[in-house]
Amino acid sequence: MGLKGNKGKLVGGAVGFAMGGPVGAIAGALFGHMFDGANTASERIPSTYARSSDHAYAVLECAPADSDAKIKQAYRQKVREFHPDAIAAKGLPEEGVRIAQDKFREICNAYDIIQKERTQQQS
């Protein structure tokens, strides 16, 4: 069962901080992120790829009505947050880096889906 909002990140970050300080908090938040949002097994989407444009917008925390500039800004912010090199540089354990890699792929895929959809709409 998933957690509403950002509770997974908060709980994971708190537990991680208690066990491993700031680095543990980051790892815990990344791990907890996997549990945010999905409430049932049927709502869970593999973290590697977005299935629809609706999910793609949710991954980037944007809406279809948002401008191209706002979507690009959200994409860049998410890329900075979950880039595997940035996560690895923080000294996170291998599992945290793997989670970040999956999330990074999901972010890139979501942006590609949105870009393709918007390009088709303009044609």
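1. R98 has 39% relative accessibility, so it counts as partly exposed. Partly exposed lies between buried (under 20% relative accessible area) and exposed (over 50%), with a 1.4 Å probe and protein chains only. The model is predicted: local features need pLDDT of at least 70, side-chain atom pairs need 80 or more, and totals for chains, interfaces and linings use all residues. Numbering starts from 1 along each chain as its sequence is written, and side-chain values use heavy atoms, without hydrogens or water.

2. R98 has a partner. Its side chain meets that of E95 in a salt bridge, 2.8 Å from N to O. A salt bridge needs a side-chain nitrogen of Lys or Arg within 4 Å of a carboxyl oxygen of Asp or Glu. E95, at 40% relative accessibility, is also partly exposed. Both residues belong to helix 5, three residues apart, or about one turn of the helix.

3. Now the overall fold. From the N terminus, the order is α-α-α-α-α. Helices (H or I, at least four residues) and strands (E, at least two) are DSSP runs, numbered from the N terminus. The protein has 123 residues, and 38% of them count as buried.

4. Look at the contacts next. A contact means heavy atoms within 4.5 Å. Take the contacts between residues at least 6 apart in sequence: 66% of them join residues at least 24 apart.

5. What makes up the largest nonpolar core? It has 16 residues, and L60, C62, I71, Y75, I107 and I114 touch the most other members. Such a core is a set of buried Ala, Val, Leu, Ile, Met, Phe, Trp, Tyr and Cys residues, joined through side-chain atoms within 4.5 Å. Helix 2 (53-60), helix 3 and helix 5 each give two or more residues to this core. Helix 5 gives the most, with six. I114 touches A56, Y57, L60 and I71, leaving aside residues up to four places away in sequence.

6. The structure holds one aromatic pair. Y75 and Y111 have ring centres 4.0 Å apart and planes at 15°, so the pair is stacked. Y75 is in helix 3 (residues 68-82) and Y111 is in helix 5 (residues 94-122), so the pair ties together parts 36 residues apart in sequence. Both Y75 and Y111 are buried. Rings of Phe, Tyr and Trp (its six-membered ring) pair with centres within 6.5 Å; planes under 30 degrees apart are stacked, over 60 edge-to-face, and the rest tilted.

7. How many salt bridges are there? The count is six. One of them joins the side chains of K78 and E61, at 3.0 Å from N to O. This pair links distant parts of the chain, 17 residues apart: K78 is in helix 3, and E61 is in the loop between helix 2 and helix 3. K78 has 5% relative accessibility, so it counts as buried. E61 has 56%, so it counts as exposed.

8. K103 and E106 are three residues apart in helix 5, so about one helical turn separates them. Both K103 and E106 are buried. The charged end of K103 also sits over the ring of F82, 5.9 Å from the ring centre. That label needs NZ of Lys or CZ of Arg within 6 Å of the ring centre and within 35 degrees of the ring normal.
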